[in-house]
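Please read it alongside the sequence and the structure.

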Amino acid sequence: MDVIARVERLLRNSLVESVPRDHQQPDHEFRRRRVVAGITVLVGAALLGYSLRLPPGDPTFVWSTSALAAVWVVGSLSSGPLHLGWMRLPDGDRLTRPIVQPLLVGLVAVAVFSVGALLVAQLPLLRDLVVDVLDHARFARLPVVLAITVLNGVAEELFFRGALFAAIGRWRPVTISAIVYAVATLATGNAMLVFAALVLGILVGLQRRVTGGILAPMITHVTWSTLMIFVLPPLLGTAA
C-alpha cells in the first residue's frame, strides 16, 4: 500500500495539485503577449507544414525545422516573461524544480504510445501516416535527427506551454493550448501527427498548470519524442 500511495501522490503532484504562483501581468502586457502569440502560431504552423511536406532526404528539412524552432523561441521570448515552475515533493510540503517527475511521466507516455503503435501497425492507412514522418529520420544521420528532435521539443514547449499558455488566460488554458497545438499541426496534413499533438498537448498542459512553468513540459516532451525515434521503427516494422 505504501508503494501505491507514493505512486498516487506522484501522479497528483505531477498532474493535479497546482503549486502556488503569482504570474500577474498588466493589461497592456497581456494584450501584447496575445498579439505576439497569435502571429507566432501562424508563422510557425506554416513553416511546420512546409517542413513535414518535404520529401524524405531533402537537405532543406534540417534547415527548415531549425528555422521552425527559431520561430517558436523568438516568439516566446518576445511575448513576455516565462517561468520554469515548481513541483511538490512527495511529502507534499516542500517545493523543488520539476525534473524527476516529468521524466517519469515521459517514460509512461512512451509506454502508452508504444501500445498504440502496435495497434496502428495492424492498420495500413494509419501505419503509412506514421512511417511518412519516420522517413525523415531514416534519411538523416542519427545525431542530426536527435538534435532536431530535442531542439524542436524544447522550442515547442517554450511557446505552446509558455507564451501561448500564458496568453490564453485563466479559462481552460490546458484544453485551448492543446487544441491550438493540434490545429497548428494540421498544416502537415498528417492525421496521426495531429492526434499525437492533441494527446501530448493535454498531458504537458496539465503539467504546465500544476507547476506554473515550462520545465516539466519540456522534459516530458523531449523524453517522449527522442525515445519514440528508437521505439517506433521496430514496432511498425520499418527498422533497417
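H6 and H7 cross in a right-handed sense, where right-handed means that the near helix is turned clockwise from the far one by less than a right angle, and left-handed anticlockwise. This is a predicted model, in which local features need pLDDT of at least 70 and side-chain atom pairs count only at pLDDT 80 or more, whereas totals for chains, interfaces and linings use all residues. Residues are numbered from 1 along each chain as its sequence is written, and side-chain values use heavy atoms, with hydrogens and water left out.

The table lists the helix pairs; helices are DSSP runs of H or I with at least four residues, numbered from the N terminus, and axes are lines fitted to C-alpha atoms over the stretch in contact, with angles from 0 to 180 degrees between N-to-C directions.

| Helix pair | Crossing angle | Axis separation |
|---|---|---|
| H6 (residues 142–168) and H7 (residues 173–185) | about 130° | 9 Å apart |
| H6 and H8 (residues 191–211) | roughly 60° | within 11 Å |
| H2 (residues 27–52) and H3 (residues 60–79) | roughly 175° | within 9 Å |

With axes at about 130°, H6 is therefore oblique to H7, given that angles under 35 degrees count as roughly parallel, over 145 as roughly antiparallel, 65 to 115 as roughly perpendicular and the rest as oblique. The contact (heavy atoms within 4.5 Å) includes Phe160, Leu164 and Ile168 of H6, which meet residues of H7, among them Val174, Ile176 and Tyr181. By class, the contact of H6 with H7 has 10 nonpolar, 1 polar and 2 charged residues, where Ala, Val, Leu, Ile, Met, Phe, Trp, Tyr, Cys and Pro count as nonpolar, Asp, Glu, Lys and Arg as charged, and the others, Gly among them, as polar.

H6 also passes H8 in a right-handed crossing. Here Glu157, Arg161, Gly162, Phe165 and Ala166 of H6 meet Gly201, Val204, Gly205, Arg208 and Arg209 of H8, a contact with 3 nonpolar, 3 polar and 4 charged residues.

For H2 and H3, whose axes cross at roughly 175°, the arrangement is roughly antiparallel. Their contact divides into 12 nonpolar, 9 polar and 2 charged residues.

Turning to the rings, a search of the whole structure finds 5 aromatic pairs, a pair being rings of Phe, Tyr and Trp (its six-membered ring) with centres within 6.5 Å. Ring pairs link Trp72, Phe159, Phe160 and Tyr181 into a cluster. The charged end of Arg97 sits over the ring of Trp86, 3.9 Å from its centre, and that of Arg172 over the ring of Trp171, 5.7 Å from its centre; the criterion is NZ of Lys or CZ of Arg within 6 Å of the ring centre and within 35 degrees of the ring normal.

Terms used: Phe/Tyr/Trp six-rings, centres within 6.5 Å; stacked < 30°, edge-to-face > 60°. Helix = DSSP H or I, 4+ residues; strand = E, 2+ residues; numbered from the N terminus.
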